[in-house]
Amino acid sequence: TKPYTNLGANTGNNSGIYPDLAMSQGCLDFPGTVSYVTITGLDVSKLYDFTLFGSCTDDPNNNASGMYTINGQTGILNAHYNTTGTLTFFNVAPDAFGNVNIGLKSYDSAGASFAVLGNIAVKGHTPAVGSSSTAPASTIVSNVVSATSNSLSVTTTSNTTDVKPLQ
């Protein structure tokens, strides 16, 4: 994994999903490797939603599709000139030590330049006693794709058609 600055897309007016400065920074994972980020110190009695974002402008193949994995669930996001697309994992339970691992690797090693992880937003919530969380229904609405699997669901959103959910 290699950190970078000033390689992410820039709107010029902070109109992307994150401010321009935040979108311009991140970490790269090159084809053939796998990188991990561990989020620590989470409350084991809560569930968490993780929203991931990546952006880059320096991908020679115009393909920066990353495969992101949390707790065995996987989603794909192409960071190529991305300013609005995100990948959200819902209802993630931390391990017994309060940790969640996020795996990252290039999706298509034959065509992807690299994978990018720029921003991670974490939102915790306490599950209601005696009830289970309801994941979003599977729908496709103008390049917004939801995929549900077991008790953990993955929702991808993008301004391009390069987002591919895995089930």
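Select proline 60 to start: setting aside neighbours within four places in sequence, this residue is in contact with Ser113 and Phe114. Proline 60 sits in the loop between β4 and β5. Is proline 60 buried or exposed? With 68% relative accessibility, proline 60 counts as exposed.

Now show the whole chain. The model is predicted, with an average pLDDT of 77, and 72% of the residues score at least 70. Select residues 136-167 next: the pLDDT over this stretch is below 50, and the stretch has 73 contacts in the model beyond near neighbours in sequence.

Switch to a cartoon view. The protein has one helix and 13 strands. Followed along the sequence, the pattern reads β-α-β-β-β-β-β-β-β-β-β-β-β-β. Among contacts between residues at least 6 apart in sequence, 71% join residues at least 24 apart.

Of the 167 residues, 44% count as buried.

Hide the surface and go inside. How many residues does the largest nonpolar core have? The largest nonpolar core has 16 residues, and Phe50, Leu52, Tyr68, Ile70 and Phe89 are those with the most contacts inside it. A second, separate core has six residues, including Leu28, Cys56, Ala64 and Val116.

Centre the view on phenylalanine 50. Leaving aside neighbours within four places in sequence, its contacts include Ile39, Leu42, Ile70, Leu87, Phe89, Val100, Ile102 and Val122. Select tyrosine 48 as well: both tyrosine 48 and phenylalanine 50 are buried. A search of the whole structure finds three aromatic pairs. One of them joins tyrosine 48 and phenylalanine 50, a tilted pair with 6.4 Å centre to centre and 50° between the planes. The pair counts as tilted because an angle between planes under 30 degrees would be stacked and one over 60 edge-to-face.

Cysteine 56, a member of the second core, is buried, with a relative accessible area of 1%. Cysteine 27 is partly exposed, at 30% relative accessible area. How many disulfides are there? The count comes to zero.

Finish with two asparagines in loops. Asparagine 14 lies in the loop between β1 (2-4) and α1 (20-23). Its phi is near 60°, a positive value in a residue other than glycine. Most residues other than glycine have a negative phi. Asparagine 14 is partly exposed, at 48% relative accessibility.

Then move to asparagine 71, in the loop between β5 (65-70) and β6 (73-78). What is the phi of asparagine 71 near? The phi of asparagine 71 is near 50°, again a positive value in a residue other than glycine. Asparagine 71 also counts as partly exposed, with 44% relative accessibility.

Conventions:
Residues numbered from 1 in each chain as written. Predicted model: local features only at pLDDT ≥ 70, side-chain atom pairs only at ≥ 80, totals over all residues. Heavy atoms only, no water. Phe/Tyr/Trp six-rings, centres within 6.5 Å; stacked < 30°, edge-to-face > 60°. Buried < 20%, exposed > 50% of the residue type's maximum accessible area, 1.4 Å probe, protein only. Helix = DSSP H or I, 4+ residues; strand = E, 2+ residues; numbered from the N terminus. Contact = heavy atoms within 4.5 Å. pLDDT = per-residue confidence, 0-100. Disulfide = S-S within 2.5 Å. Core = buried A, V, L, I, M, F, W, Y, C linked by side-chain atoms within 4.5 Å.
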